[in-house]
Amino acid sequence: MNFKSTLIVTAYAASTLFAATVYQNQVGFLTNGLKQIVVIDGAGKDVVFKDSAGTAALTVTAPEAQAWEPAGKSASLVDFSELKTPGTYKIYIGDEEVGHPVIISDNAYEGVTKGALKFFYFQRASTALEEEYAGIYARAAGHPDTAVRYHASTGHETSLDSTINGAKGWYDAGDYGKYIVNSGITTYTLLQLYQQNKAYFDTLKLNIPESKNEVPDILDEIRWNLDWMLSMQDKDGGVFHKLTTKQFAGMVMPEKATAVRFVIGKGVEASWNFAAVMALAADIYSPYDSVFADTCAKASVKARWWAYTHPTAIYEQPKDIGTGTYTDALVWTLKLWTNAELFRITGDKVFTDSLHSLKITRKKASLQSWSHSLMLEAFTIATNPEVFEAADVDSAKAMIFTLADSYVESLDKNGFGVAMTNNDFYWGSNSIAANKGMVLIHAYILTKEEKYFNAAIGLADYLLGRNPLDKSYLTGFGVNPVMNPHHRISQADGIEAPVPGMLSGGPNASANDAGTCRQDYAKGKAPAEAYYDNACSFASNEVAINWNAPFAYLVGSIQAILATGKTYDTSSKSKATYNNLESIPAKKPQFKPATARNRLVVKGNSLRLEMTGVDGVKKYYDLRGKKLR
Ligand code: 9MR
């Protein structure tokens with residue numbers, strides 16, 4: 001290095017040493033929405049937004065820096081919401097350009113909304129993805145799943161010729177499994193996105209094979225998964241827990257992952273979950289396909305009855321199975337959620353009775369996840385005041401506000417303006433951000449209070465780049481997006497850029513996979529920095545349908561609300577009512593001799609006791625009182 005270049009390097013180092021760093025949403029800001037960026041080492045300095053002609057359109061002095069613990073640093077939160085002329089701006093501090101281009105547009109979130117929804121198409125099992133819809137990500141069909149074996153844990157015969165058709169559905173995540181529990185919350189979240197924003201999603205095109213039909217694309221996409229979910233219901237109404245291979249596949253394309261697939265387990269978690277989703281689906285699909293809607297409603301009631309009458313059938317991972325477990329979901333929250341959905345479509349008292357009896361638990365507001373469904377029930381009740389009793393609507397709202405207010409409070413003196421705390425950075429932390437956004441959007445649509453809407457925008461900004469890693473966690477979007485997600489297709493397809501529209505799981509302070517990655521990426525890092533953009537990192541960089549869905553809900557709702565000016569609409573377009581479903585059992589079975597009928601019957605050459613409950617359901621016992629199948 002000669003003297004001259006040393007000088008240049010030194011001068012450069014000096015200027016970067018004192019330069020401020022900017023973290024921002026890298027995708028875009030909505031013209032009429034909140035606009036904020038984060039500036040590190042910039043307090044007191046003028047932040048200038050220059051338009052494409054180089055003219056200063058707005059200057060904001062960076063305020064005093066405030067801490068945000070998860071980032072381990074302080075920052076000035078610069079608000080430039082005043083800038084309301086669509087266009088592309090550059091940010092300057094002094095003479096230096098900082099951050100990334102700032103894009104302001106009326107449709108700033110439309111691209112990410114479509115991208116996040118298109119992900120579900122890219123995750124379709126049992127079909128080839130054609131170039132017309134998938135572009136360079138076109139691929140051969142994998143996992144036909146038309147002849148899936150029964151695992152012994154289903155209670156079915158396990159012989160080779162005993163199979164079930166479990167075609168279609170979405171791959172859960174980076175792996176090729178299909179899990180009812182996780183499909184449940186995912187599908188509900190997407191159905192709510194549609195239901196609350198029909199005016200926007202009725203016409204939003206996703207360029208999928210069904211785009212030319214009369215059904216909104218988002219509903220066509222969801223139907224791909226509902227068809228699979230329906231196939232997972234056993235004849236007696238119970239629902240199988242999952243459809244996977246025995247162990248995870250290698251990092252290969254779907255058509256190369258040909259190990260035998262099984263339906264595994266049959267339990268209350270899957271059955272309650274399925275029942276809730278099918279009830280909501282019945283309402284939403286009835287204007288488009290009344291036969292399908294009817295099928296969903298009946299399947300819902302049947303699954304709910306099975307779950308109700310098999311309370312101890314909790315899924316346990318069989319010893320020979322190594323795929324995702326999705327065990328330990330809180331069953332009481334699933335019950336409440338299902339009963340709310342069924343009451344909404346049937347008006348049948350049997351479901352409110354059950355709601356009231358479990359009402360006490362309403363105090364336990366807790367963020368929704370695949371294992372905790374209380375808020376799903378709250379969302380449904382709070383947005384359907386014409387259906388539910390006022391007291392129930394009030395407690396559902398109270399739950400939503402309890403959470404939403406705590407998120408808004410966490411923004412006080414928060415330098416990043418992001419409603420996330422240290423404890424939120426565990427496996428799938430980005431879905432915590434997105435799900436908090438879903439709570440906040442509900443608080444907003446119920447009150448129209450800007451603070452909730454703005455806090456939700458802050459979370460979207462965080463996911464799209466306003467974070468200490470300057471990372472857009474959505475593949476294919478932003479200046480510095482995730483490049484190496486734990487996603488088999490993206491690793492195996494020979495294309496450098498991963499499949500677009502996937503939300504990475506995000507920072508995970510526990511780095512549960514440090515061993516696999518041979519690197520403890522959390523060591524010495526602040527929680528929001530404990531992330532590794534490497535395919536080895538399933539615990540910080542996998543993708544999953546239940547993470548993409550709340551992200552789609554968050555950005556899709558914000559875009560829809562600002563674009564249409566409508567906050568929400570849960571009215572059913574259908575005239576369908578489900579108040580006469582044959583299989584709605586009246587009450588919990590009671591076997592009191594006074595009301596039930598008992599008699600001895602002969603089956604084969606043995607004698608058994610037949611007890612007929614008040615609801616007409618028959619149960620059989622041997623003469624020692626042991627229940628028979
Ligand atoms: O999202 C799940 C997370 O909450 C659990 O902590 C984790 C470990 O059990 O599993 C996650 O789910 C994975 C599933 O088991 C299999 N498919 C990929 C999912 C995302 O990592």
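Is Asp 320 buried or partly exposed? Asp 320 is partly exposed, with a relative accessible area of 31%. Here buried means under 20% relative accessible area, exposed means over 50%, and partly exposed lies in between (1.4 Å probe, protein chains only).

This is a predicted model: local features need pLDDT of at least 70, side-chain atom pairs count only at pLDDT 80 or more, and totals for chains, interfaces and linings use all residues. Residues are numbered from 1 along each chain as its sequence is written, and side-chain values use heavy atoms, with hydrogens and water left out.

## Salt bridges

A salt bridge is a side-chain nitrogen of Lys or Arg within 4 Å of a carboxyl oxygen of Asp or Glu. By this rule the model has 19 salt bridges. Side chains of opposite charge can pair when their charged atoms come close.

| Asp 234 | Lys 266 | 2.7 Å |

Asp 320 lies in the loop between α8 and α9 (331-346) and Lys 246 in the loop between β13 and β14, so the pair ties together parts 74 residues apart in sequence. Lys 246 is partly exposed, at 33% relative accessible area.

Asp 234 and Lys 266 also form a salt bridge. Asp 234 sits in the loop between α6 and β13, and Lys 266 in strand β14, so this pair joins parts that are 32 residues apart in sequence. Asp 234 is buried, at 9% relative accessibility. Lys 266 is buried too, with a relative accessible area of 17%.

Asp 289 is partly exposed, at 25% relative accessibility. Arg 223 is also partly exposed, at 25%. Both belong to a network of salt bridges that links Lys 168, Arg 223, Asp 227 and Asp 289.

## Sheets

Helices (H or I, at least four residues) and strands (E, at least two) are DSSP runs, numbered from the N terminus. Two strands pair if DSSP finds at least two bridges between them.

Lys 242 stands opposite Ile 264 in β14.

Another open sheet has four strands, in the order β1-β3-β7-β6, and its pairing is antiparallel. Here the edge strands are β1 and β6 (66-68), each pairing on one side only. The twist averages 45° from one strand to the next, with axes taken as lines fitted to C-alpha atoms (for helices over the stretch in contact) and angles running from 0 to 180 degrees between N-to-C directions.

Strand β3 (residues 36-40) has five of its five residues buried, so it is largely enclosed by the rest of the structure. In a regular strand the side chains alternate between the two faces of the sheet. Gln 36, Val 38 and Ile 40 point one way from β3, while Ile 37 and Val 39 point the other way.

Strand β1 (residues 21-23) pairs with β3 over three antiparallel bridges. Val 22 has Val 39 as its bridge partner in β3, and Tyr 23 stands opposite Val 38. Strand β7 (residues 73-79) pairs with β3 over four antiparallel bridges. There, Val 39 has Ser 76 as its bridge partner in β7.

## Helix α2

Helix α2 (residues 110-122) has 13 residues and reaches 18 Å from its first C-alpha to its last, close to the 18 Å expected at 1.5 Å a residue. The expected span is 1.5 Å times one less than the number of residues. Ten of the 13 residues are buried, so α2 is largely enclosed by the rest of the structure. Among them are Phe 119, Phe 120, Tyr 121 and Phe 122. The buried residues pack against several helices, including α4 (180-196), α6 (217-231) and α18 (545-564), where contact means heavy atoms within 4.5 Å.

## Disulfide

A disulfide is a pair of cysteine sulfur atoms within 2.5 Å, and the count by this rule is one. Cys 517 is joined to Cys 536, S to S 2.1 Å. The link is right-handed, with 110° about the S-S bond. Cys 517 is buried, at 9% relative accessible area.
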